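Thanks for coming. I will go through one model this morning, starting with confidence and then taking the sheets and the helices.

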Amino acid sequence: MKISNYSAAELEKSYGMDVTTLDTGAAARLGVAATWVSIEPGARSDAHQHDETETWVIVSGSGVLTVDAEPHPVRPSTVVQFEPFETHSVENTGETDLVLLSLYWRDTGRAARAAADTGHRRFGTRPLFVFSSAPTPNGDLHLGHLSGPFFGADVFVRYQRMNGADAWHITGSDDYQNYVVAAARREGRSPAETAAHYSAEILATLGLMDIDVHQYTVTSQDDAYPEALRAFFSRLTASGVVAPRTAPALYDAVSGEYLYESGVTGRCAACGEESGGNVCETCLEPNVCTDLTDPRSTTSDAPPREGSATRYTLPLHRLAEDITAHHRLGRVPAPMKELAERLSRRAELDIPVTHAATWGVQPAETAVEGQVIWSWLDYAFSILHGIEAIGRDLGRSWKANEPEQDWKIVHFLGSDGSFFHPMFVPALYRLAHPDWTPDIDYHINEFYLLDDTKFSTSRRHVIWGKDILSPRTVDAIRFYLALTRPEGRRTTFERDAYESYVRQTLIGTWQGWLNGLGDRIEKRYGGTAPDAGVWTPEHAAFLARLETRLSAVTGSLGQDGFSLNRAAETLNGMVEDVTAFSRLQAPAADVESCANETRTAIALELAAARLLATCATPVMPRFAARLAAALGGPPPAEWPSTVDLVPAGTTVDLARQQFFADPGEHAPDPDAAPRSGLEAAAPGTTAPTGDAPPLLPWLSDLVRQSLRLPDDKPVRDTSLVQLGMESLQAIALQYQITEHVGADVPMEDLLGAKTVADLATLIADGMDPDVVAAQQEVTT
């Protein structure tokens with residue numbers, strides 16, 4: 001027998017609590033460890049999770065227990081058991097010590113089951129707000145951009161929705177970035193015009209990539225945004241932590257312009273590598289520009305002069321413990337934690353949050369004149385603003401100024417945002433909303449290179465999204481980017497390697513197998529799925545292999561182990577498995593005595609095709625829908641829990657399907673006028689009547705791109721609304737038309753009863769004939 005009495009004198013600090021551990025020898029004999037825990041009034045334990053199963057027995061006091069962001073009151077006689085990996089903390093809300101007994105033990109089987117449960121951390125019951133880093137509207141998106149946060153967030157949301165989660169992809173254009181001013185100066189227009197132009201281009205390119213965005217905030221065009229941002233800033237100054245401070249600053253020696261971000265370059269004081277203003281993309285540490293070695297102005301050749309400036313400033317070093325506590329709540333990659341630890345060694349880390357500029361939102365406070373709120377602070381608020389905006393559309397009561405504890409936020413970002421997203425932004429939230437504990441996961445990608453060097457617009461070393469994406473190529477691009485995107489290391493895109501992969505693997509292996517399977521089903525079973533017959537040990541082993549692949553891709557797309565690299569490898573592995581299985585079964589396919597076994601083999605290949613369609617849906621939604629249709633079903637909407645056979649008797653139409661297009665081929669425009677009266681319309685379509693309006697082929701292609709329609713989809717005699725266009729897509733199309741041909745088409749025409757042919761005529765009628773002819777020549 002072992003007796004232990006609670007003794008306050010024996011308590012020691014652990015996880016933010018006062019604890020004393022009972023005799024470890026007895027714990028080893030029993031397989032259960034025990035600890036007394038005491039939390040003083042007003043104190044809160046550190047949020048943490050572990051692989052043990054743990055039981056708490058509340059002895060005295062009262063408080064609020066938070067488990068995966070869900071609060072629960074506790075009092076004497078409350079007993080709580082935590083499953084492995086549940087994030088938990090407790091706050092003493094009473095006036096006396098909260099005392100509890102903790103019993104915990106390791107059950108490896110239970111821990112393994114909890115780790116494999118993609119619904120843990122309450123992902124299926126909380127609203128999920130998934131943010132891809134807001135793009136700077138100083139240029140369009142290239143493959144380097146598209147491979148990262150936008151694509152990752154899109155696949156993540158698609159997968160979560162297939163599992164029943166209330167998930168939303170939110171982003172927008174970071175209009176008030178200093179880099180927009182630099183682009184405007186370079187291109188000879190105003191920052192507002194530049195932001196509007198590239199914001200629309202970015203949205204259109206996201207559409208070409210089949211990236212669904214449920215809320216796209218254009219900050220400079222949202223009338224309510226400036227005042228809401230000012231109110232958020234005032235919360236920060238009201239905390240007393242963000243306040244005006246005078247510190248050294250850099251100025252252009254010729255113009256006297258205040259320099260920050262894109263206005264200055266130099267060598268990073270931390271790592272010695274070339275760096276821009278305010279953050280180093282190599283070591284990821286922030287700078288305040290004056291600490292750059294050999295600083296250079298980007299607008300003149302003379303060395304900058306150092307002066308001083310009074311700016312609102314955040315002393316981030318005072319919030320180091322809050323940042324560490326934040327990193328215990330969600331998914332935070334190790335490099336981010338290492339960066340946080342590195343920065344915590346600095347005695348001071350004062351970050352200016354206003355800068356002397358005219359492009360941006362000025363704070364309501366007047367202590368410092370002629371300054372605007374820094375775009376990274378602006379970005380922190382835009383996240384909350386986006387949540388409120390989507391809530392308003394959904395009829396939900398989400399408020400930017402009243403963030404809710406149950407919100408689950410997920411950030412997808414590039415490595416260059418490793419300081420801002422997981423450190424700077426949560427520090428601002430801590431000051432603005434001290435009663436809110438934001439629960440945020442972070443998914444990071446490195447730089448994607450082009451032929452082993454960085455994408456560069458100035459050197460024309462770039463592949464723009466619009467130059468390579470179309471309804472025919474988007475699936476292949478999405479899959480190849482999933483396979484090669486930079487997760488945990490820099491990777492490279494090589495166009496020849498991409499085209500070779502499409503031809504050899506996606507067309508040669510994937511499509512070759514699916515077409516061949518269709519041929520065999522037509523030949524042997526009249527084009528319908530056979531029922532499984534006699535099962536051999538090889539059949540059972542293959543089914544088990546498919547179940548293993550399902551488990552692997554589920555883990556690769558889940559919130560904890562999310563990796564598009566692994567997901568793509570697993571999908572391709574699924575095809576490699578089934579093609580090997582098919583090859584091994586082929587010798588007996590025409591042996592009469594093996595007919596029942598052959599039926600089973602074909603049924604299993606169809607099951608693999610069905611599984612491929614479902615599991616590929618988040619990564620390649622078009623391919624998945626087309627494959628599902630060829631197997632006699634609707635587009636997959638739910639994530640599978642097991643491998644299912646295609647029902648016997650289902651019509652199968654795989655033999656002549658083109659799932660992937662050769663990268664060098666171009667599809668004809670189905671809406672183009674026939675070259676002669678002898679040219680018939682494609683099967684299942686209506687031939688255009690009369691002469692085609694001169695801009696119809698160009699506008700038809702633009703509409704298909706905007707709505708993600710197949711290249712062979714006729715749109716000539718249909719209105720945009722009938723084709724499924726919504727207001728956000730119409731805005732992007734309106735900008736595209738204006739940019740390409742200079743025509744201003746009213747929104748009521750775009751979303752009215754006019755057909756695409758009518759719109760093409762309307763546009764051409766208002767244009768110079770020479771411009772119309774030039775556009776026709778470009779289209780041809």
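A word on pLDDT to begin: it is the predictor's confidence in each residue, on a scale from 0 to 100. This is a predicted model, where local features need pLDDT of at least 70, side-chain atom pairs count only at pLDDT 80 or more, and totals for chains, interfaces and linings use all residues. Residues are numbered from 1 along each chain as its sequence is written, and side-chain values use heavy atoms, with hydrogens and water left out.

The average pLDDT of the chain is 90, and 93% of the residues reach at least 70. Contact here means heavy atoms within 4.5 Å.

Now the sheets. Strands count as paired if DSSP finds at least two bridges between them.

What is the bridge partner of Trp 56 in strand 9? That is Ser 102. Trp 56 also stands opposite Val 80 in strand 7, where four bridges join antiparallel strands 4 and 7.

Another open sheet has three strands, ordered 25-24-26, with mixed pairing. Strand 24 (residues 448-450) and strand 25 are antiparallel over two bridges, and Leu 450 has Thr 453 of strand 25 as its bridge partner.

On to the helices. Helix 13 (residues 495-525) bends by about 30 degrees at Gly 512, the bend being the angle between axes fitted to the seven residues ending there and the seven starting there. After helix 13 comes Gly 526, with a positive phi near 65 degrees.

For packing, axes are lines fitted to C-alpha atoms, for helices over the stretch in contact, and angles run from 0 to 180 degrees between N-to-C directions. Helix 14 (residues 537-557) packs on helix 15 (residues 564-585) at about 170 degrees, with the axes 8 Å apart. That makes the two helices roughly antiparallel, a label for angles over 145 degrees; under 35 is roughly parallel, 65 to 115 roughly perpendicular and the rest oblique. The contact residues include Phe 542 and Leu 546 of helix 14 and Leu 571 and Met 574 of helix 15.

What about the other side of the pairings? The axes of helix 15 and helix 16 (residues 595-615) come within 10 Å and cross at roughly 170 degrees. These helices are therefore roughly antiparallel as well. Leu 571 and Met 574 of helix 15 are among the residues in this contact, as are Leu 604 and Leu 611 of helix 16.
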